[in-house]
Amino acid sequence: MSDDQSFFLSTSKSIEIIEGNITSTSNQNELSTLDEPIIETVKRDLKAVLRKFGHALIPRQSSTLLQQWDLWGPLILVTVLAILLQSDTTTASSGMQFAEIFTLVLIGSAMISINSQLLGGKISFFQSVCVLGYCLLPLLIAAFTNNLLLYLPYRSMLHIIRFLIVMTAFAWTMYASIRFLGQTQQPSRRMLAIYPIFLFYFLVSWLIILHKPSK
Amino acid sequence: MQENLQRRTTINNNNNNNNNPQATSLESGMPSVGSIVWTAGRARAQQAINFYANIDYLRPYFDVEPKEILRRLLHALTPRWPSPEENIKSELYGPSMIVFTLAAILIYQMKLASHSVEDGTLIGTSFLISFGYWIGSSFAISSVSFVCNTHLNLIQILCLNGYALFSHCLVLFLATFIHTGHDHLLFYGLWCIVGGLAAIRMMLVVMARTINPRYRVLLGLFVSAIHMFFLLYLHFAYHELAETVSHAFTNEATVSADLPVIARAYQLVDAVTQSQEIADDSHNNFNMSSLSTEFLSPIISSTCN
């Protein structure tokens, strides 16, 4: 142990730099919350997530989703949506189906954020993942209702009801995401930024409509 | 954010200069943990900078208005010989969105046909095919046009090829959502007309920019052949099962609608039997079943119609 220490001390230039940077002042805020009990941290984060769910359901003029972004909400929503949309219970393909939703949301978010940056908007990748993930909440509610309705008879009427529910949720989702993401673009180019979002949510809606239950 | 990045890069560069002696102190034969961590961090910072630099390189190609996009979409299906002084300002927003739309249509078709993929996901496959074709065929056309001495650069070919894919989107969309008795005829008609228009448009633009007449014909045929064959491939690889599935789906809907109605009717019948507390079950079941057939037959006829 002492030999290793002496070896490291002989290359002392790096040690000085590392020692210098660890106690930098920018980390003060995070260090002060390190001593609080875990339940406090969990409660605070949970409240923030639930507040953002509220913003996604009832879009108000606020920049909470953009400025205080977090990825817990999108993770929870996408995981639940992926579980709800599994239709095959065999182990071989169920893993692939679960991964599909994750891949779709990841690729979709990446493309939408790159597109809005290229069009001159000021939004980062994580902010757009946050907004797109949170705005999936109405579609998740529709998928849940869909799954419940699939256990009822009267198939022909049910298709129409399911279609209407999912399309309503899609319109709600689009409205919420346009409220949040539209303001990051210039007015004349807004349609150009909205089209990929429309495509993304439309695809998710069709995946929900096409979902058949496992037999 | 870019200012932060620039500040970070200057700090990285300064630290690199300071740490170079430390990173290269490998004569002892054992690299220290700090040097490994530092080189990995520096490599990642370099990659991030390159990524952002590439974004800036592409930014001028996304400088369009929505009206311009619509105009170009319409012109992609109207073949005309371009005038010599016409300068196509190429942009990449329209083609990228068209390729995404094509990927979305392919995903929908694959889901409908329950197409299964061994390695990877359906979504990955459709993105790979759409983007792979767009970029791969553009590179192929660019190489052949370099040989044929055409006055078109890669970005212009990417733009042209991307807008020509609008015909693919249109044909696949119509062929997926319109199911008549003559599905194949509809597809072949759309393939010839819509696909042909876009192929001829692309062919004319490419031919107008080539000087040598023999190379002109060769390049024109090459471009239109790739375009038409890709549409055929997309249809036969991913759409083939869709019509049989949709027919099976509609048949299944009418058959299964009867069974729950009959089951419900029998439940009602049982409830009525129990509530009335009739002693002779077989006699009353016979009565109830005759009643139920009279009750059911109009329902069955209405669901079948």
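**View 1. The salt bridge between A:Glu36 and A:Arg44 in the predicted model**. The side chains of A:Glu36 and A:Arg44 meet in a salt bridge with an N to O distance of 3.0 Å, where a salt bridge is a side-chain nitrogen of Lys or Arg within 4 Å of a carboxyl oxygen of Asp or Glu. A:Glu36 is partly exposed at 22% relative accessibility, and A:Arg44 is likewise partly exposed, at 40%; buried means under 20% relative accessible area, exposed over 50%, and partly exposed in between, with a 1.4 Å probe and protein chains only. Over all chains, the structure holds six salt bridges. This is a predicted model in which local features need pLDDT of at least 70 and side-chain atom pairs count only at pLDDT 80 or more, whereas totals for chains, interfaces and linings use all residues. Residues are numbered from 1 along each chain as its sequence is written, chains are lettered from A and ligands numbered from 1 in the order in which they are written, and side-chain values use heavy atoms, with hydrogens and water left out.

View 2. A:Arg189 counts as buried at 9% relative accessibility, while B:Glu65 is partly exposed with a relative accessible area of 35%.

**View 3. The salt bridge of B:Glu68 and B:Arg71 within helix H3 of chain B**. The two side chains meet at an N to O distance of 3.1 Å, and both residues lie in helix H3, three residues apart, about one turn of the helix. B:Glu68 counts as partly exposed at 25% relative accessibility, and B:Arg71 also counts as partly exposed, at 41%. Elsewhere, salt bridges that share partners join A:Arg189, B:Asp63 and B:Glu65 into one network.

**View 4. A:Tyr201 and the largest nonpolar core**. This core has 97 residues, and those with the most contacts inside it are A:Leu81 and A:Tyr201; a nonpolar core is a set of buried Ala, Val, Leu, Ile, Met, Phe, Trp, Tyr and Cys residues joined through side-chain atoms within 4.5 Å. Its largest share, 14 residues, comes from helix H4 (residues 93–112) of chain B. Apart from it lies another core of 11 residues, among them B:Ile141, B:Leu152, B:Leu160 and B:Val223. Not counting residues up to four places away in sequence, A:Tyr201 touches residues including A:Val131, A:Cys135, A:Leu139, A:Phe170, A:Met174 and A:Ser177, contact meaning heavy atoms within 4.5 Å.

**View 5. A:Phe198 in helix H11 of chain A**. Helix H11 covers residues 190–209, and A:Phe198 is partly exposed, with a relative accessible area of 31%. Beyond residues up to four places away in sequence, A:Phe198 touches A:Phe170 and A:Met174. A:Phe198 and A:Gln117 are 81 residues apart in sequence, and their C-alpha atoms are 17 Å apart in space.

**View 6. B:Ser167 and its contacts in chain B**. B:Ser167 has its place in helix H6 (residues 154–177) of chain B and, at 0% relative accessibility, counts as buried. Leaving aside neighbours within four places in sequence, B:Ser167 is in contact with B:Leu77, B:Val194, B:Gly195, B:Ala198 and B:His227.

**View 7. Helix H7 of chain B and its bend at B:Gly196**. The 26 residues of helix H7 (residues 183–208) should span 38 Å at 1.5 Å a residue, and the end C-alpha atoms are 36 Å apart, which agrees; the expected span is 1.5 Å times one less than the number of residues. Helix H7 bends by about 30° at B:Gly196, the bend being the angle between axes fitted to the seven residues ending there and the seven starting there.

**View 8. The loop residue B:Asn149**. B:Asn149 is placed in the loop between helix H5 (122–147) and H6 of chain B, and is exposed, with a relative accessible area of 51%. The phi angle of B:Asn149 is near 60°, a positive value in a residue other than glycine.

Conventions. Helix = DSSP H or I, 4+ residues; strand = E, 2+ residues; numbered from the N terminus.
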